[in-house]
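Thank you all for coming; I would like to take a few minutes to walk through one structure. Please have a look at the model first, and then I will go through it chain by chain.

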Amino acid sequence: MFLPAVDRKISIFAALNQKKMKRVVITGMGIYSTIGRNLDEVRESLYRGRSGIGLDPGRKDYGYRSCLAGMIESPNLKGLLDRRARVGLPEQGKYAYVATLEALKNAGIDQDYLERIQAGILYGNDSSAVPVIEAIDLMRDKKDTTMLGSGSIFQSMNSTISMNLSVIFRLQGINLTVSGACASGSHALGLGYFLIRHGLQECIIVGGGQEINPESMGSFDGLSAFSTREDEPGKASRPFDRDRDGLVPSGGAATLIIESYEGAVKRGATILGEMAGYGFSSNGDHISVPNIQGPVRSMQMALDDAGLKTRDIDYINAHATSTPVGDGKEAEAIDQVFGDVKPLVSSTKSMTGHEMWMGGASEVVYSMLMMQNDFIAPNINFENPDEYSAKLNIAPKTLNMPFKVFLSNAFGFGGTNSTLIVKKI
Amino acid sequence: MDKTEVVDIINGFLTEEFEIEENLIHPDATWSDLGIDSLDFVDIVVIIEKEFGFKLKGEDMVNVRTLGQFHDLIFQRQLSKQ
């Protein structure tokens, strides 16, 4: 039976509420990003408003319009992982492994507990370009598939991160990659939250990973989506600023450990925050041009799910990527939902660039670090508002202030939208 | 290439690329002793092609049970290639 949108939403929540829901908490975080290789470094960069953007001159050889990119070193895993585990890991898989090690340590979870609790993994990832391209080059050259080696298939698949980490950490629960374009990481957290909330999983490793290389981003550069402000890399990513001219591609990986509140209390874990709401929607519109109503519905659904009012949200970590159209639409959407209360808004992409498949997860980690340390990270390079961002309460400088609830947006191609709300306990 | 050179190359990539402890590498060691599984064979085929310029096939390996037999096989194959 077809139900109007509002009735459908009510019926979903009614169905969900028939069973007693579990509370879902965050007990661990790990990060490997362009603004730091661990939680401490990233916290410091966020507070200082440090940019992770630089130039990758090799991109010009591929005909890129812009060499701007997030700068990151590939971690050396020799000595940490055996050869069999390493050969299956592509670039973003290595980032994800390092971030996950830190998250598990942060959560105080050991291998024995992961197995006993039958933990799972839901990780956001939506490409693995380099292994695919290298395999095709080799096949064309050698005309022999056995010359590709044993790791190529495991590096090439979109599910590379979840498949590799589930073997490395001997996980026994849900084992799945979430591909939702630039909202992948956020949806992974949201879906993990749902599984725990309904008692289907006790503990899940959730997150998002993103490769940084010219091979994966040429087609995006070809859409003229990237900033060409190459003379000032640190100023190129300027979400909501009047003079923004495009996004800066970036990446890394972010992992969070989420578990049931009861389970976390039982094992004596430090609870870092509670996942309070998840909202999602699809624009049902243009493949690359965002709209306003899709994000509005996603934010409202997250608020409804959390049982919170707009005045309860202290801080919004915006999706805003620094594209002329996208930031304007999000500003209008935020204003439509939160115009009466005007919570603080910033886009950490001003420092990190656009972390794409990873962004929805990393930006929860960034916001968590702010909430833990009583500050709002700045939306650097926000010098002049445009007609839409002028309606928002954007933080251009670091603000020292405690806060208790944040909302994080992530949107992607195809009009996929995800909104998460996290609160301090 | 004499037998010693062939053995050195093979033992070299087993210790360096496959990170097998040197004390495990001796002619009587089985693949299982060395911790080599079916996926590792795929990589061994790639390395042999790179080092010796010929391609190993599955049927070549049917009677190869130990590292010493593998040394012999590769030595004979590279001789016949010459």
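This is a predicted model: local features need pLDDT of at least 70, side-chain atom pairs count only at pLDDT 80 or more; totals for chains, interfaces and linings use all residues.

Residues are numbered from 1 along each chain as its sequence is written, and chains are lettered from A, with ligands numbered from 1, in the order in which they are written.

Let me start with chain A, whose secondary structure comes to 16 helices and 15 strands, where helices (H or I, at least four residues) and strands (E, at least two) are DSSP runs, numbered from the N terminus. The C-alpha atoms of chain A fill a box of roughly 65 × 55 × 50 Å along the principal axes. For 425 residues a compact globule would have a radius of gyration near 22 Å, and the 20 Å of chain A agrees with that; the radius is taken over C-alpha atoms, and the globule rule is 2.2 Å times the number of residues to the power 0.38. Buried residues make up 56% of the 425 residues in chain A, with a residue called buried if 20 or more other C-beta atoms lie within 10 Å of its own, exposed if 12 or fewer, and partly exposed in between, the C-beta atoms being placed from the backbone. Of the contacts in chain A with a separation of 6 or more, 81% are between residues 24 or more positions apart, a contact being two residues whose C-beta atoms, placed from the backbone, lie within 7 Å.

Chain B has 4 helices and 0 strands, and along the sequence the pattern reads α-α-α-α. Its radius of gyration is 12 Å, close to the 12 Å that the globule rule gives for 82 residues, so chain B is as compact as a globular protein of that length. The C-alpha atoms of chain B fill a box of roughly 30 × 25 × 20 Å along the principal axes, and 18% of its 82 residues count as buried. In chain B, residues 24 or more positions apart account for 60% of the contacts with a separation of 6 or more.

Now to the interior. In soluble globular proteins, nonpolar side chains tend to be buried together. Which residues of the largest nonpolar core touch the most other members? They are A:Ile204, A:Leu256, A:Ile258 and A:Val365, out of 100 residues in that core, where a nonpolar core is a set of buried Ala, Val, Leu, Ile, Met, Phe, Trp, Tyr and Cys residues joined through C-beta atoms within 7 Å. The largest share of this core, 9 residues, comes from helix 4 (residues 91-107) of chain A. Leaving out residues up to four places away in sequence, A:Ile258 touches several residues, including A:Val24, A:Ile26, A:Tyr193, A:Ile204 and A:Met275.

Helix 4 of chain A also packs against helix 8 (residues 160-168) of chain A, at an angle of about 45° and with the axes 10 Å apart; axes are lines fitted to C-alpha atoms, for helices over the stretch in contact, and angles run from 0 to 180 degrees between N-to-C directions. Among the residues that meet here are A:Ala96 and A:Tyr97 from helix 4 and A:Ile161 and A:Leu165 from helix 8. Helix 13 (residues 293-306) and helix 14 (residues 324-338) of chain A likewise pack at about 45°, with axes 9 Å apart.

Finally, some loop residues. A:Ile35 lies between strand 1 (24-33) and helix 2 (39-48) of chain A, and counts as buried with 29 C-beta neighbours inside 10 Å. Its C-alpha atom is separated by 6.0 Å from that of A:Ser45, 10 residues apart along the chain.

Most residues other than glycine have a negative phi. A:Arg170, however, has a positive phi of about 50°, and it is exposed, with 10 other C-beta atoms within 10 Å. A:Ser322 also has a positive phi, near 95°, but this residue is buried, with 27 other C-beta atoms within 10 Å.
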